[in-house]
Each structure stands twice: as C-alpha cells, then as structure tokens.
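Work through the following exercises with the sequence and the model side by side, and try each task before reading its solution.

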Amino acid sequence: MSAPKKRFIAGAVCPACSAMDRIMMWDVDGVPHRECVACGYADTLNAQGQSVPGELGTRVNKPVTRAADPKVQTVQFFPNPKLKKPAP
Ligand SMILES: [Zn+2]
C-alpha cells in the first residue's frame with residue numbers, strides 16, 4: 001500500500017497557528033489525521049471526535065496523578081475594573 005492520500009481542507013483553520021487552508025487531512029484505518037503544513041502541528045481525532053495532539057507521544061508514560069501541583073498557581077485574571085458596577 002502507498003501512503004494515505006492527503007487532501008487540503010478548504011477553510012480549515014489550524015488550532016495552533018491559525019493559518020487557514022493549511023490543514024491536510026487523511027484517514028488511517030478510519031481515524032482522521034490532521035496536519036498543518038504551515039507550522040507542523042498534527043493531531044488525530046479519537047472515537048469521540050476529540051482532537052488528540054500528535055506531538056504528545058509521552059503522555060502514556062506519565063502518571064495520571066498530577067492534580068495538585070504546587071508549582072501551578074491559580075492566576076486570577078481581572079478584566080477591566082471599570083466595567084465593575086459600583087456597589088449600590
Ligand atoms: Zn499551524
């Protein structure tokens with residue numbers, strides 16, 4: 001068998017670099033693969049139709065328990081304070 005036939009998806013926007021008409025798609029065993037020729041971003045779609053980034057090849061080796069990382073802080077982002085309504 002030769003390489004899968006890739007085709008550009010008109011109007012598709014790369015989720016990584018936002019380039020339009022740079023997404024190629026092809027199927028491997030019925031699984032849609034995407035690749036951005038502009039930045040090299042690639043992902044596949046799982047059975048639920050969710051994007052699975054192709055570059056995260058190490059996630060299988062990582063433990064799932066990473067809920068409480070002390071280094072990750074919750075950043076509170078305040079929008080424009082002027083939009084805040086004054087207290088009555
Ligand atoms: Zn891209």
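**Exercise 1: The order of elements**

Task: describe the pattern of elements along the sequence of the chain.

Solution. Read along the sequence, the pattern is β-β-β-β-β, where strands are DSSP runs of E with at least two residues and helices are runs of H or I with at least four, numbered from the N terminus. Counting them gives 5 strands and 0 helices. This is a predicted model, in which local features need pLDDT of at least 70, side-chain atom pairs count only at pLDDT 80 or more, and totals for chains, interfaces and linings use all residues. Residues are numbered from 1 along each chain as its sequence is written.

**Exercise 2: Confidence**

Task: find which strand has the lowest mean pLDDT and which the highest.

Solution. Begin with the chain, which averages a pLDDT (the predictor's confidence in each residue, from 0 to 100) of 78, with 62% of the residues scoring at least 70. Where pLDDT is low, the predicted coordinates should not be read in detail.

**Exercise 3: Leucine 45**

Task: decide why leucine 45 counts as partly exposed.

Solution. First locate leucine 45, which lies in strand β4 (residues 42–45). Next apply the cut-offs: a residue is buried with 20 or more other C-beta atoms within 10 Å of its own, exposed with 12 or fewer, and partly exposed in between, with C-beta atoms placed from the backbone. Leucine 45 has 14 such neighbours inside 10 Å, and therefore counts as partly exposed. Finally, for the chain as a whole, 3% of the 88 residues count as buried.
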